[in-house]
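Subject: Structure for you to look at

Hello,

Here is the structure I said I would pass on. Please open it and keep it beside the notes that follow.

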Amino acid sequence: MLKIAPLPEKVISDLEIFQLYPWPNKPWIRASMIQTLDGNIKDQNDATELISTDSDKQIFRLLRQLSEVILVGSITAQSAPYLNIKINTSNQELRKKLRLPKKPRLAVVSNRLNFTKDWLKSRVDEEQPLIYTHQGNELNIKPFLGLAEFVFCGQKEVDLKSVKQDLVRRAYKRILCEGGPTLLNGLLQANLLDEIDLSIVAKLSQNSKITNIVSDANLKVPINFKPIHVLHENQTVFLRYLTEGHKF
């Protein structure tokens, strides 16, 4: 992989890639997203499978497998990668050295509980997912009891600041958001997002409907991002940004 910026340009090793995506020793929410040249996060099948490249998958695994929590919206959660979060052998050893849990826990944000009982039953991870919803859904969780741990944050919609507080209370610091756009928008609106790691693939989505990484760009407070590095391999450019004002 080639590091383009900051200068000088140089070919970097896998170890150096790991060092370019550090986690601070404090609660930190980073988002990992991928998009095509036309700004779409979905391919012609309304998925990301045909967009992703081998180098993107390498960075994706690095960020995911060294996190403590994977935070997603309920629609994103029901895609196949969230049925069983796998850790490769080398990262299993690294997690031990870093004193991280055996694997990251899945945390799902859902205002409408728009997932199925069958999906929860089909998950094979030993640890139940955390599902964050609002108190208005207190009676609606009954069909799912015993299949997930429910946490109520907010009265009529999920309060993401309370979600972060609960994760921190559980001693989770490495919080990785993998979308979707609605959740990412909510984190930005609440000024909770510390970092965005964006992969841009030199492909067109071949999808007539454009779905951006963030749904609704009308932010209440202007948010600026500080570019940290640019990497490149084959058809993929990797951009790492810190939210301005959020200190690493």
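The side chains of Gln65 and Asn91 are joined by a polar contact of 2.8 Å. A polar contact is a pair of N or O atoms within 3.5 Å; within protein, one atom must be able to donate a hydrogen and the other to accept it, and residues adjacent in sequence count only if both atoms are side-chain atoms. The side chain of Gln65 also reaches the backbone nitrogen of Asn88, at 3.1 Å. Gln65 is found in helix H2 and is buried, with a relative accessible area of 4%. Buried means under 20% relative accessible area, exposed over 50%, and partly exposed in between, using a 1.4 Å probe and protein chains only. Helices (H or I, at least four residues) and strands (E, at least two) are DSSP runs, numbered from the N terminus. Leaving aside neighbours within four places in sequence, Gln65 is in contact (heavy atoms within 4.5 Å) with Lys86, Ile87, Asn88, Asn91 and Arg95.

Before going on, note that this is a predicted model, in which local features need pLDDT of at least 70 and side-chain atom pairs count only at pLDDT 80 or more, while totals for chains, interfaces and linings use all residues. Residues are numbered from 1 along each chain as its sequence is written, and side-chain values use heavy atoms, with hydrogens and water left out.

On a 1 Å grid over the protein atoms alone, a pocket is an open set of points with protein on both sides within 12 Å along at least five of seven lines, a cavity is a set of points where a 1.4 Å probe fits but cannot get out, and lining residues have an atom within 4 Å of a point. Grid points are joined across faces, edges and corners, and a volume is the space filled by probe spheres set on the points.

How many cavities of 30 Å³ or more does the structure hold? It holds 1, and about 40 Å³ of space lies in the largest cavity. Its lining consists of Tyr21, Ser32, Ile59, Leu63, Asp197, Leu198, Ser199, Phe238 and Leu239. H2, E9 and strand E11 (236-243) give two or more residues to that lining, with E9 giving the most, 3 residues.

Now the nonpolar cores. A nonpolar core is a set of buried Ala, Val, Leu, Ile, Met, Phe, Trp, Tyr and Cys residues joined through side-chain atoms within 4.5 Å. The largest one has 32 residues, and those with the most contacts inside it are Tyr132, Leu160, Val163, Leu167, Leu187 and Leu193. H7 supplies the largest share of this core, 4 residues. Apart from this core lies another of 16 residues, among them Ala77, Trp119, Ile141 and Phe144.

Helix H7 (residues 181-189) is mostly covered, with 7 of its 9 residues buried. Its buried residues pack against strand E3 (28-36), strand E4 (69-73), strand E5 (105-109), helix H6 (160-169), strand E8 (174-177) and E10. Leu219, in the loop between strand E9 (195-201) and strand E10 (225-233), touches Asn185, Leu188 and Gln189, not counting residues up to four places away in sequence. Leu219 is partly exposed, at 29% relative accessible area.

Last, some backbone details. Just after H7, Asn191 has a positive phi of about 55° although this residue is not a glycine. Arg99 also has a positive phi, near 60°; Arg99 lies in the loop between H4 and E5 and counts as exposed, at 79% relative accessibility. A cis peptide bond joins Leu7 and Pro8, with omega about 5°. The peptide bond from Gly179 to Gly180 is cis as well, with omega near 5°; Gly180 is in the loop between E8 and H7.

Regards
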